[in-house]
Number of protein chains: 2
Amino acid sequence: MPDRIRVRREPERGRYDRETIDAILDEALFCHLGFVVDGQPYVIPTLHARRGDLLYVHGSSASRMLRHAATGAPMCATVTLLDGLVLAKSVFNHSIDYRSVVVLGEARVVEDEEKLEALRLFTEHVAPGRWDEARQPTPTELKATAILSLSLTEASAKVRTGPPEDEPEDVGLPVWSGVVPIHLAVEESEYDWRRVRDGRLGPRR
Amino acid sequence: MPDRIRVRREPERGRYDRETIDAILDEALFCHLGFVVDGQPYVIPTLHARRGDLLYVHGSSASRMLRHAATGAPMCATVTLLDGLVLAKSVFNHSIDYRSVVVLGEARVVEDEEKLEALRLFTEHVAPGRWDEARQPTPTELKATAILSLSLTEASAKVRTGPPEDEPEDVGLPVWSGVVPIHLAVEESEYDWRRVRDGRLGPRR
């Protein structure tokens with residue numbers, strides 16, 4: 001494992017198996033993409049989708065990003081799923097239950113057939129079944145879309161789960177402690193939502 | 001307005017008034033913080049809270065980040081709120097309804113009284129009323145916490161809202177188009193959740 005992707009802070013939360021990494025990437029609806037211009041980091045939200053060992057990211061967010069990506073610039077794609085607020089007996093032990101993935105690598109511009117396939121993956125990632133329902137892109141529309149890929153060679157996950165870790169001396173305090181679960185919810189809509197029919201996004205846990 | 005914070009892609013979505021920026025920062029439960037080490041960008045999720053013109057970010061995520069921050073390193077804090085999936089008649093016009101804020105600036109390490117106040121803000125940001133309920137931090141606990149601040153001088157918001165923008169020639173296609181609303185939901189818990197009693201996080205819209 002490359003050293004720079006190792007989880008340093010709270011190392012017991014680090015996960016390096018691809019099964020865990022892939023599941024988090026596949027559940028998250030969007031990522032935050034980091035790149036550097038003139039020494040300044042920029043972080044922007046954008047769509048992503050995974051295929052095997054590649055992470056595709058939608059590159060339409062800034063031309064300055066694309067200019068840099070074309071030269072194989074270093075990038076970082078991060079996804080974070082929020083699972084709960086961890087309320088402890090003490091302020092210090094408050095935390096968040098979450099699952100995140102960080103991917104480091106040099107971006108590559110995706111072209112031609114692979115670009116069409118990546119676009120299909122974006123669409124199916126957000127709304128399964130939608131690629132076949134909606135009108136396909138024209139050559140002009142394809143040209144107006146930019147897609148980058150990052151290898152998953154340097155990726156790690158970080159997961160915090162479970163109840164608060166209260167200090168032994170705090171256990172008796174008359175303060176509620178526990179987890180307030182959170183999830184992304186789909187509101188009622190006319191659309192026949194296929195991914196999850198009970199209004200919860202992502203795989204059941 | 002500093003040029004590097006101007007929204008270039010889809011400029012009509014750019015918002016620069018502090019009211020919009022502050023509301024998004026205050027609603028989001030966490031941010032993604034970007035920093036650069038040896039030319040490589042890193043993006044990590046962390047807690048934040050706003051006070052006036054300052055954004056506080058929890059700096060416990062990596063010592064390498066803190067080492068750089070102490071020298072006034074350039075950073076980027078981004079928050080993104082997901083509001084809906086925008087399903088258009090064509091694949092190309094699919095989009096996401098969202099509200100995001102990007103803050104650029106040099107990080108400053110927060111100390112002493114201001115640090116305690118920032119910690120109070122983090123706690124109240126995630127769970128209003130909790131600071132007075134839970135045990136206060138000891139000097140040792142305070143020392144183990146690191147907090148950075150960024151000025152909101154260079155900040156901009158980007159907002160996409162409303163229905164899909166279907167092409168005139170697509171309108172007649174037999175494909176459902178519209179928005180599938182999404183929000184963060186709090187599940188049932190024993191905790192007397194104060195922020196929003198109807199299970200929806202953030203201000204009512």
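How many bridges pair E4(A) with strand E5 (residues 54–58) of chain A, and in which sense do the two strands run? The model is predicted.

**Stop 1: chain A as a whole**

Select chain A and colour it by secondary structure. There are 5 helices and 11 strands in chain A. Of the 205 residues in chain A, 39% are buried. Now consider contacts in chain A between residues at least 6 apart in sequence: 71% of them join residues at least 24 apart.

**Stop 2: the open sheet of chain A**

Select E4, E5, E9 and E8 of chain A. These 4 strands form an open sheet in the order E4-E5-E9-E8, and the pairing is antiparallel. Strand E4 (48–51) and strand E8 (108–109) of chain A stand at the edges; each has a single partner strand, so one side of each is left without a neighbour in the sheet.

Here the opening question can be settled. E4(A) and E5(A) pair in the antiparallel sense over 4 bridges. To see one pair of facing residues, select Ala49(A) and Tyr56(A): Ala49(A) stands opposite Tyr56(A) in E5(A).

**Stop 3: the sheet in chain B**

Move to chain B and select E4, E5, E9 and E8. They form an open sheet in the order E4-E5-E9-E8, with antiparallel pairing. E4 and E8 of chain B are at the edges with a single partner strand each, so one side of each has no neighbour in the sheet.

Next, select strand E9 (residues 147–151) of chain B alone. Is E9(B) largely enclosed by the rest of the structure or largely open? Of its 5 residues, 4 are buried, so E9(B) is largely enclosed by the rest of the structure.

E5(B) and E9(B) run antiparallel and are joined by 5 bridges. On the E8 side, strand E8 (residues 108–109) of chain B pairs with E9(B) over 2 bridges, also in the antiparallel sense. Then select Leu148(B) in E9(B). Val57(B) stands opposite Leu148(B), and Val109(B) stands opposite Leu148(B) as well.

**Stop 4: helix H1 of chain B**

Select helix H1 (residues 18–27) of chain B. Ile21(B), Ile24(B) and Leu25(B) are buried in this helix. They cover an arc of only 100° around the axis, which puts them on the same side of H1(B). To see what lies over them, show strand E4 (48–51), strand E5 (54–58), strand E6 (74–87), strand E7 (95–106) and strand E10 (154–160) of chain B, which are among the elements that cover the buried residues of H1(B).

**Stop 5: the nonpolar core**

Which residues of the largest nonpolar core touch the most other members? Select Ala77, Val101 and Val103 in chain A and in chain B: among the 99 residues of this core, these touch the most other members. Then centre on Val103(A). Leaving out residues up to four places away in sequence, Val103(A) touches Leu55(A), Cys76(A), Ala77(A), Leu150(A), Leu152(A), Glu154(A) and Ala155(A).

**Stop 6: an exposed residue**

Select Arg6(A), in the segment before strand E1 (14–15) of chain A. Arg6(A) has 11 C-beta neighbours inside 10 Å and therefore counts as exposed. Apart from neighbours within four places in sequence, Arg6(A) is in contact with Met1(A), Gly14(A) and Ser156(A). For a distance to draw in the viewer, take Arg6(A) and Glu167(A): they are 161 residues apart in sequence and 28 Å apart in space, C-alpha to C-alpha.

**Stop 7: where the chains meet**

Show both chains. Their contact takes 68 residues from chain A and 68 residues from chain B. On chain A, the elements that each supply at least two residues of the side touching chain B include strand E6 (74–87), strand E7 (95–106), helix H3 (112–126) and strand E11 (178–186). By class, this side of chain A has 40 nonpolar, 17 polar and 11 charged residues. Of the interface residues of chain A, 100% are also interface residues in chain B, so the copies meet through the same surface.

Zoom in on E11 of both chains. E11(A) and strand E11 (residues 178–186) of chain B pair in the antiparallel sense over 5 bridges. In E11(B), His183(B) is the bridge partner of Ala185(A).

**Stop 8: the rotation axis**

Chain A is superposed on chain B by a rotation of 180° with 0.0 Å of shift along its axis, at an RMSD of 0.0 Å. The two copies are thus related as by a two-fold rotation axis. Finish by selecting Leu184(A): of the residues of chain A, Leu184(A) comes closest to the rotation axis, at 2.3 Å (C-alpha).

Conventions:
Residues numbered from 1 in each chain as written. Chains lettered and ligands numbered in written order. Predicted model: local features only at pLDDT ≥ 70, side-chain atom pairs only at ≥ 80, totals over all residues. Contact = placed C-beta atoms within 7 Å. Nonpolar A, V, L, I, M, F, W, Y, C, P; charged D, E, K, R; others polar. Pairing = 2+ DSSP bridges. Least-squares fit on C-alpha atoms with pLDDT ≥ 70 in both. Buried ≥ 20, exposed ≤ 12 C-beta atoms within 10 Å, placed from the backbone. Arc of directions from axis to C-beta. Core = buried A, V, L, I, M, F, W, Y, C linked by C-beta atoms within 7 Å.
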